[in-house]
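Reader: Hi! Could you walk me through this one? I'd like to hear about rings, sheets and charges.

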Amino acid sequence: MQTSRRRRTRGNGAGVGPELVTNGSFSTDTGWTKGAGWTIAAGVATAVATGASALSQVIAALVPGETYRVTFSITVQNVAGDGIAFFLGALPQSTPRIGVGTYTQDVVCGAGTTFQFNAAAGGAWEGSIDNVSIRQVGF
């Protein structure tokens, strides 16, 4: 007789969960905490001389140890520096991104419930981002 073990998931394990970001399209100047040098206008979030300042959002539904799919677009890049990176929870989770385009990365959430963008390595990055999305994977 053969027995099987199944991993318990909240859904069928094949898809992604609901959108967790508030105002990922930056259609209004709400839902985000803007550090020095960040603005939200005309449907994008723009960083000018941000250094170590962050654009952040607390997302109570984030669960440390769970995997999430993060997608965002760089629509304008004025200063590449070391690129822009995001943190999901307390850990630096993303590959620094340089150049206009849409980027998707699956990451495991670190401790905490804050999602934020920063210039990679605390350096200089100037540009605009849009279409931010976070969804749980394997839902």
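Author: Happy to. Ring pairs join Phe26, Trp32, Phe72, Phe86, Tyr103, Phe115 and Phe117 into a cluster. Here rings of Phe, Tyr and Trp (its six-membered ring) pair if their centres lie within 6.5 Å; planes under 30 degrees apart are stacked, over 60 edge-to-face and the rest tilted. The model is predicted, so local features need pLDDT of at least 70 and side-chain atom pairs pLDDT 80 or more, while totals for chains, interfaces and linings use all residues. Residues are numbered from 1 along each chain as its sequence is written, and side-chain values use heavy atoms, without hydrogens and water.

Reader: Thanks! How many aromatic pairs does the structure hold?

Author: It holds 8 aromatic pairs. One of them is phenylalanine 72 with phenylalanine 117, edge-to-face at 5.0 Å centre to centre and 70° between the planes. Phenylalanine 72 sits in strand 5 and phenylalanine 117 in strand 8 (residues 114-119), so this pair ties together parts 45 residues apart in sequence. Strands are DSSP runs of E with at least two residues, numbered from the N terminus.

Reader: And are those two, phenylalanine 72 and phenylalanine 117, buried or exposed?

Author: Both phenylalanine 72 and phenylalanine 117 are buried. That word means under 20% relative accessible area, with exposed over 50% and partly exposed in between (1.4 Å probe, protein chains only). Phenylalanine 117 also makes an edge-to-face pair with phenylalanine 115, at 5.1 Å centre to centre and 80° between the planes. Phenylalanine 115 is buried too.

Reader: Nice. On to sheets: what is the strand order in the open sheet of 5 strands?

Author: The order is 2-3-9-5-7, with antiparallel pairing. Strand 2 (38-41) and strand 7 (101-108) are at the edges with a single partner strand each, so one side of each has no neighbour in the sheet. From one strand to the next, the twist averages 30°. Two strands count as paired if DSSP finds at least two bridges between them.

Reader: How many bridges join strand 5 and strand 7?

Author: Strand 5 (residues 67-79) pairs with strand 7 in the antiparallel sense over 8 bridges. Phenylalanine 72, from the ring cluster, has tyrosine 103 in strand 7 as its bridge partner.

Reader: What about the open sheet of 4 strands, which order does that one have?

Author: That sheet runs 1-4-8-6, and its pairing is antiparallel. Strand 1 and strand 4 (residues 55-58) pair over 2 bridges, and lysine 34 stands opposite leucine 55 in strand 4.

Reader: Switching to charges, how many salt bridges are there?

Author: The count is 3 salt bridges, where a side-chain nitrogen of Lys or Arg lies within 4 Å of a carboxyl oxygen of Asp or Glu. Arginine 69 and aspartate 106 form one, with the closest N and O atoms 2.7 Å apart. This pair links strand 5 and strand 7, its residues being 37 apart. Lysine 34 meets aspartate 29 in another, at 2.8 Å, N to O. Glutamate 19 and arginine 135 meet at 3.6 Å, N to O. Glutamate 19 lies in the segment before strand 1 and arginine 135 in strand 9 (residues 126-136), so the two tie together parts 116 residues apart in sequence.

Reader: Last one, the backbone: what is phi for alanine 42?

Author: Phi of alanine 42 is near 55°, a positive value in a residue other than glycine. Alanine 42 is in the loop between strand 2 and strand 3 (44-47) and is exposed, at 83% relative accessibility. Asparagine 23 also has a positive phi, of about 60°, but asparagine 23 is buried, with a relative accessible area of 14%.

Notes:
Axes fitted to C-alpha atoms, helices over the stretch in contact; angles between N-to-C directions.
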